[in-house]
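Hi,

Here is the structure for you to look over. My notes follow below it.

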Amino acid sequence: MEGHGIIYTIVIGFIIGLLARAIYPGSQKAGIILTIVLGIVGSYVASFVGASLGWYHDGQVAGFIGSVVGALIVLAVYFFALKLFTKSS
């Protein structure tokens, strides 16, 4: 991956992460790095699920809305796991 591709991925991941955090109910205590990672992982989750269900072909990236939905799923799992591990400590 070239340098501008990595920067593009980070910027789009940040935007998708911000949208997912804005849609997700309640307040989230998450920094900029977590927001970027959330958006990038959400895009990959959406691409994987979409390819598994036949919505996307191999190598085709998920659409913007699919990426936000994937980020919402990752956000929900993250906060569920955080709550679960915080209670047990």
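Is F79 buried or exposed? F79 is buried, with a relative accessible area of 14%; buried means under 20%, exposed over 50% and partly exposed in between, with a 1.4 Å probe and protein chains only.

Ground rules: this is a predicted model, where local features need pLDDT of at least 70, side-chain atom pairs count only at pLDDT 80 or more, and totals for chains, interfaces and linings use all residues. Residues are numbered from 1 along each chain as its sequence is written, and side-chain values use heavy atoms, leaving out hydrogens and water.

Fold: the protein chain has three helices and zero strands (DSSP runs, H or I of at least four residues for helices, E of at least two for strands, numbered from the N terminus). Of its 89 residues, 28% count as buried.

Core: the largest nonpolar core has eight residues, F79 and V68 among them. Such a core joins buried Ala, Val, Leu, Ile, Met, Phe, Trp, Tyr and Cys through side-chain atoms within 4.5 Å. Helices α1 (3–23) and α3 (64–88) each give two or more residues. The largest share, five residues, comes from α3.

Rings: there are two aromatic pairs (centres within 6.5 Å; planes under 30 degrees apart are stacked, over 60 edge-to-face, the rest tilted; Phe, Tyr and the six-membered ring of Trp count). Y24 and F79 have centres 6.0 Å apart and planes at 25 degrees, so they are stacked. Y24 lies in the loop between α1 and α2 (32–52), 55 residues from F79. Y78 and F79 sit at 5.1 Å and 70 degrees, so that pair is edge-to-face. Y24 is partly exposed at 23%, and Y78 is partly exposed at 34%.

Best wishes
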